[in-house]
Amino acid sequence: MFYREAGQFKTSYAADQQIFPIRQDRVGMALLLAIAYGVVPLIGNDYWFTAIMIPFLILSLAALGLNILTGYAGQLSLGTAGFMAVGAFAAYNFILRIPEMPFLLAFVLAGLTAALVGILFGLPSLRIKGFYLAVATLAAQFFIEWALIKFGWFTNYSPSGVIDAQTMTLFGFALDTPLEKYLLTLTIVSVLALAAKNLMRCETGRAFMAIRDMDVAAEVIGIPMLKTKLLAFAISSFYCGVAGALYAYAYLGTVEPQAFDLNRSFQVLFMIIIGGMGSILGSFLGAAFITLLPILLNVVAHAVFGGAVRTAILSNLELVIFGGLIIFFLAVEPHGLARLWHIAKEKLRLWPFPY
Amino acid sequence: MKRDAFKFYGMGLALTGALAGALAAAQVRAAEQFIPMLSYRVGPYAPGGSGFFGGYIDYLDMINKRDGGVNGVKLTWEECETEYKNDRGVECYERLKGKGPTGGTVFTPLSTGITYSLIERATTDKIPVISMGYGRTDASDGRIFPYIFPLVTNYWSQNTAKIKFIGMREGGMDKLKGKKIVNLYHGSAYGKETIPVLDLQAKKYGFEVKHIEVPHPGNEQQSQWLEIRRYKPDWVILRGWGVMNPTALKTAQKVGFPADRIVGVWWSGAEEDVIPAGDAAKGFISAAFHPSGRDFPVIQDILKYVYGSGSRGNMTDQSRIGQQYYNRGVIQGILTVEAIRTAQEKFGKGKSLTPEQVRWGIENLNIDEKRIRQLGAFGLLQPLKVSCFDHEGGGAVKFQQWDGERWKVISDWIASDQSIVRPMIEESAAKYAKEKGIKPREGISLGSDCGHYSENLKKIVSGG
């Protein structure tokens with residue numbers, strides 16, 4: 001009923017090929033963007049922008065990057081945080097060393113640098129796959145972290161290895177309030193998410209999926225293995241690199257290589273597993289689940305038990321509930337939260353008369 | 001119908017009245033000082049977090065119970081779990097900064113990483129951050145970091161004291177010439193931080209220093225210690241953290257390096273660092289800016305007022321009271337309360353102070369020996385005098401040795417060598433100011449003397 005398509009006729013190729021072929025989806029998307037751009041800035045406060053929305057959006061972007069590689073192209077990677085680190089430190093160095101460098105351009109260059117590094121560490125994917133590839137990309141994670149600590153040049157010889165993100169200036173206008181940073185992050189993430197959605201509908205995306213589903217068959221039908229796999233690594237790392245730059249500039253303000261340790265890689269991997277492999281929406285849902293749920297649990301626990309129960313018990317309880325929920329959701333739907341949403345949509349299409 | 005409407009309005013009126021009453025009541029008992037706690041009680045560093053924040057909270061609780069607060073102002077607090085992660089720390093900071101009648105008074109994250117993430121935020125929000133014995137070393141220059149206080153002592157100061165201590169053991173600083181020292185450091189921002197100051201001292205005193213990195217988390221050090229054995233150093237500086245410390249001690253024993261030639265930092269010098277190493281830790285020396293033990297009157301007061309008569313303190317395991325992390329938390333409590341007291345002298349007693357006013361209190365802290373005795377913390381705390389020019393205040397370090405049962409203090413307060421540390425701090429801070437476009441405070445600002453800049457530093461700041 002809610003998703004009834006009756007009466008929606010596609011009379012041109014353009015109409016048939018649009019991103020959201022169903023009107024309800026288009027309206028929903030427009031509404032979502034209107035809320036993100038119009039309502040959230042009005043009702044949100046600093047806490048919401050800096051502690052909730054910005055990290056959620058940035059990690060969604062990182063998850064999206066990994067999803068392109070793992071979910072769509074089937075190349076398991078544990079180097080996500082490493083590529084984020086490349087993005088963050090590259091953006092810092094571009095702005096530091098090239099005078100008058102606009103930060104948006106620096107972000108793009110940071111993404112491209114991460115893409116280059118990604119290609120380098122994607123080379124083993126031509127020979128190995130699955131868990132073996134995951135171990136090979138682990139090398140990227142450790143190597144990048146080590147290199148950033150080892151060579152002082154990357155951090156401009158800061159004694160502790162921590163960099164301070166410069167102020168972002170756009171046309172002489174400094175983006176330094178939480179609201180401005182939120183809007184900047186939202187815009188970058190929206191544009192890149194749209195690009196990813198489109199990418200997956202075109203030839204490249206289909207080649208990715210063909211390789212994921214069966215690489216031998218894909219090669220037989222003429223998909224160039226070398227080019228496609230490395231392209232997947234490049235695009236994925238580009239997304240992660242931009243996410244890393246945003247993490248340093250729009251979120252924390254100062255960043256050390258340890259912010260991008262193996263745990264962060266795992267965190268992003270769990271996001272796409274819980275959110276849904278091979279799904280744009282899944283990246284966002286997974287990021288929300290992994291980053292926001294612990295905070296929610298913490299806030300709720302304090303509101304309910306604050307004062308009555310020892311904080312150490314509350315903190316442990318939070319981890320227990322969080323872990324329990326992960327198991328619950330994976331048991332209910334191994335394909336992730338995005339799959340749950342699809343099932344809901346199917347049900348809504350038939351509601352209230354399921355056959 | 002009409003009567004219903006009347007009733008409705010009546011109820012509304014009553015509600016409004018109740019609300020107004022509650023607000024008035026809130027105003028009457030408004031003399032509260034809210035202290036946010038970015039604590040961590042789970043994760044790999046939980047032993048440190050639970051001890052430190054346990055001591056901190058117990059001290060505040062004791063002040064409330066014994067003195068009825070600071071000049072009648074009740075201290076309140078709320079904890080937020082950071083898990084020692086930077087992003088969770090930022091979330092907690094944002095959540096707690098606006099709470100209480102005047103907002104979060106002072107933040108104490110007990111994490112170098114979180115401190116770094118808060119520097120700019122806290123400066124914008126005008127909320128002080130105390131990073132006692134950790135955090136950004138060059139923030140000791142208060143002219144450029146007005147809201148950051150690495151109180152008591154910082155990493156670089158500690159290092160100069162450590163070399164002094166080694167010199168004393170060798171029988172004089174001139175005996176250091178030709179000696180070999182290994183700096184075994186944790187592969188992180190924290191671990192790296194003392195490399196430049198050690199290099200500088202090596203040049204000054206003529207000893208040889210070799211930096212050996214242990215990758216995080218540090219539970220595998222076989223190759224590093226074999227390298228140390230081959231190098232045959234006279235001393236090993238253990239700049240460890242968490243699991244790296246007991247592993248280092250155990251591996252040292254395996255390769256036959258004597259424990260009493262290893263000098264740790266204060267993050268290697270808690271009970272949690274040596275007990276897991278067992279026998280191997282016997283004789284290990286570490287720096288400390290305060291001793292362990294519960295013989296101090298202030299700890300006795302906590303036991304009496306907080307844990308006495310069946311009431312419940314913050315520590316579930318009461319045997320940890322008086323250990324390193326707990327006592328460090330108590331010192332944090334003393335500094336916070338004294339800062340509030342100092343600020344109340346200026347801005348009015350019995351009132352809730354804003355974070356900005358408390359910042360003034362921290363910057364004008366002057367805890368002399370007499371005051372330390374009054375506080376019941378003689379021997380626990382070193383005299384402290386903070387100013388705009390110097391946000392460190394103290395800088396002295398003690399050394400302690402593990403005898404297999406407890407930490408024994410083996411030195412008096414050893415003053416740091418500010419002739420090495422201060423220029424490094426000023427240069428590094430000036431570099432930060434230049435990168436960020438910060439204009440340093442000069443002369444008399446906010447009631448405290450900020451000193452004057454040397455021409456050289458002025459040049460660095462202005463980009464010359």
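User: Which element gives the most to the lining of the largest cavity?

Analyst: Keep in mind that this is a predicted model. H13(A) gives the most, with 4 residues. Helix H12 (280-305) of chain A and strand S2 (74-81) of chain B also give two or more residues each.

User: What makes the space a cavity, and what volume does the largest cavity have?

Analyst: A 1.4 Å probe fits there but cannot get out, so the term is cavity. The volume is about 60 Å³, and the structure holds 1 cavity of 30 Å³ or more. Residues from both chains line the largest cavity, among them Glu318(A) and Arg41(B).

User: How is the lining split by class?

Analyst: There are 3 nonpolar, 5 polar and 4 charged residues.

User: Now the interface. Why is Asp164(A) with Arg136(B) called a salt bridge?

Analyst: The closest N and O atoms are 3.2 Å apart. The cut-off is 4 Å between a side-chain nitrogen of Lys or Arg and a carboxyl oxygen of Asp or Glu, so the pair qualifies. The rule finds 4 salt bridges across the interface of chain B and chain A.

User: What else describes how chain B meets chain A?

Analyst: In all, 39 residues of chain B are in contact with 37 residues of chain A. The buried area is about 3300 Å², with 47% from carbon and sulfur atoms. On the chain B side, Asp87(B), Tyr116(B) and Lys192(B) lose the most area to chain A.

Note on methods: Residues numbered from 1 in each chain as written. Chains lettered and ligands numbered in written order. Predicted model: local features only at pLDDT ≥ 70, side-chain atom pairs only at ≥ 80, totals over all residues. Heavy atoms only, no water. 1 Å grid on protein atoms, 1.4 Å probe; cavity = no way out; pocket = protein on both sides within 12 Å on 5 of 7 lines; lining within 4 Å. Points joined across faces, edges and corners; volume = space filled by probe spheres on them. Nonpolar A, V, L, I, M, F, W, Y, C, P; charged D, E, K, R; others polar. Contact = heavy atoms within 4.5 Å. Buried area = accessible area lost by both parts, 1.4 Å probe.
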